[in-house]
Amino acid sequence: SLPVVAIVGRPNVGKSTLFNRIAGERIAIVEDKPGITRDRIYSRAEWNGRAFHLIDTGGLEFEEKDEVLEHIRHQAELAIEEADVILFAVDGRVGVTATDEEVARLLRRSGKPVVLAVNKLDHFKHQDQAYEFYQLGFEEVVAVSSLHGIGTGDLLDAVVSRF
Ligand code: GDP
Ligand code: MG
């Protein structure tokens with residue numbers, strides 16, 4: 001069976017946009033405001049001749065903050081269970097948040113390979129904003145713009161190298 005790559009991260013960081021970019025199709029729903037009710041979305045994807053299954057763990061996003069955190073935690077745990085490689089997405093414009101740290105802690109504890117996608121770095125001059133995310137404790141940190149397809153090739157190189 002194919003390796004499984006799961007995209008995890010808090011709402012609105014661009015997980016679904018990244019999913020669609022990698023899958024090459026608009027399968028996941030991209031929302032300006034968090035709150036859309038979607039659960040896990042799967043696609044088959046391929047990079048450099050390596051096929052894999054991709055999961056967007058987006059899903060239910062609640063108004064209530066505690067529920068959001070609970071939900072993200074649950075999705076992260078599911079991803080940890082079934083994924084061979086985890087694509088952890090964060091918002092490079094916002095910087096490191098408490099929720100990012102919480103998800104990072106779960107992922108580090110799992111021992112699964114993690115590639116950190118620092119998203120929304122749409123311009124070359126903003127790439128330096130990826131550095132602060134090294135504090136989350138992952139070796140592979142890649143600046144990307146899922147919207148414009150910048151850096152996603154490097155990101156996928158890092159992902160398939162962990163299969
Ligand atoms: P999700 O909740 O993590 O799945 O995030 P979405 O993929 O739904 O995206 C949330 C918002 O961020 C949408 O308005 C996207 O268009 C926007 N977005 C996603 N990726 C990028 C990016 O690389 N650059 C910019 N500027 N916006 C992005
Ligand atoms: Mg989403």
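Student: Which residues of α4 are buried?

Tutor: A residue is buried if 20 or more other C-beta atoms lie within 10 Å of its own, exposed if 12 or fewer, and partly exposed in between, with C-beta atoms placed from the backbone. Helices (H or I, at least four residues) and strands (E, at least two) are DSSP runs, numbered from the N terminus. In α4, the buried residues are L155, L156 and V159. Seen down the axis of α4, these buried residues fall within an arc of 95°, so they line one face of the helix; the arc is that of the directions from the helix axis to the C-beta atoms.

Student: Against which elements do the buried residues of α4 pack?

Tutor: Packing is read from contacts: two residues are in contact if their C-beta atoms, placed from the backbone, lie within 7 Å. The buried residues of α4 pack against β1, α1, β2, β4, β5 and β6 (140–143).

Student: What should I know about the model and its numbering before going on?

Tutor: This is a predicted model, in which local features need pLDDT of at least 70 and side-chain atom pairs count only at pLDDT 80 or more, while totals for chains, interfaces and linings use all residues. Residues are numbered from 1 along each chain as its sequence is written, and chains are lettered from A and ligands numbered from 1 in the order in which they are written. The term pLDDT is the predictor's confidence in each residue, from 0 to 100. Here the mean pLDDT of the chain is 87, and 87% of its residues reach 70 or more.

Student: How many helices and strands does the chain have, and what pattern does it follow?

Tutor: There are 4 helices and 6 strands in the chain. Along the sequence they follow the pattern β-α-β-β-α-β-α-β-β-α.

Student: In what order do the strands stand in the sheet?

Tutor: Two strands pair if DSSP finds at least two bridges between them. In this structure 6 strands form an open sheet in the order β2-β3-β1-β4-β5-β6, with mixed pairing. Because β2 and β6 at the edges each have a single partner strand, one side of each is left without a neighbour in the sheet. From one strand to the next, the twist averages 25°; axes are lines fitted to C-alpha atoms, for helices over the stretch in contact, and angles run from 0 to 180 degrees between N-to-C directions.

Student: How is strand β1 joined to β3 and to β4?

Tutor: Strand β1 runs parallel to β3 (residues 50–56), with 4 bridges joining them. Another pairing, also parallel and of 4 bridges, joins β1 to β4. As examples, A6 has I55 in β3 as its bridge partner, and V8 stands opposite F88 in β4. Strand β1 (residues 4–8) is largely enclosed by the rest of the structure, because 4 of its 5 residues are buried.

Student: Why is helix α1 described as largely enclosed?

Tutor: The description follows from burial: 8 of the 9 residues of α1 (residues 15–23) are buried, so the helix is largely enclosed by the rest of the structure. Its buried residues pack against β1, β2 (41–47), β3, β4, β5 and α4 (152–160).

Student: Which residues have the most contacts inside the largest nonpolar core?

Tutor: In soluble globular proteins, nonpolar side chains tend to be buried together. A nonpolar core is a set of buried Ala, Val, Leu, Ile, Met, Phe, Trp, Tyr and Cys residues joined through C-beta atoms within 7 Å. The largest one here has 41 residues, and I86, L87, F88, L116, A117 and V118 have the most contacts inside it. Strand β4 (residues 85–91) gives the most to this core, with 6 residues.

Student: Is V114 buried or exposed?

Tutor: V114 is buried, because 24 other C-beta atoms lie within 10 Å. This residue lies in strand β5 (residues 114–119). Not counting residues up to four places away in sequence, V114 touches I86, F88, L107 and F138.

Student: Where do N12 and N48 lie, and what phi does each have?

Tutor: Most residues other than glycine have a negative phi, and most peptide bonds are trans. N12, in the loop between β1 and α1, has a positive phi of about 75° although it is not a glycine. N48, in the loop between β2 and β3, has a positive phi of about 50° and is not a glycine either. N12 is partly exposed, with 17 other C-beta atoms within 10 Å, whereas N48 is exposed, with 9.
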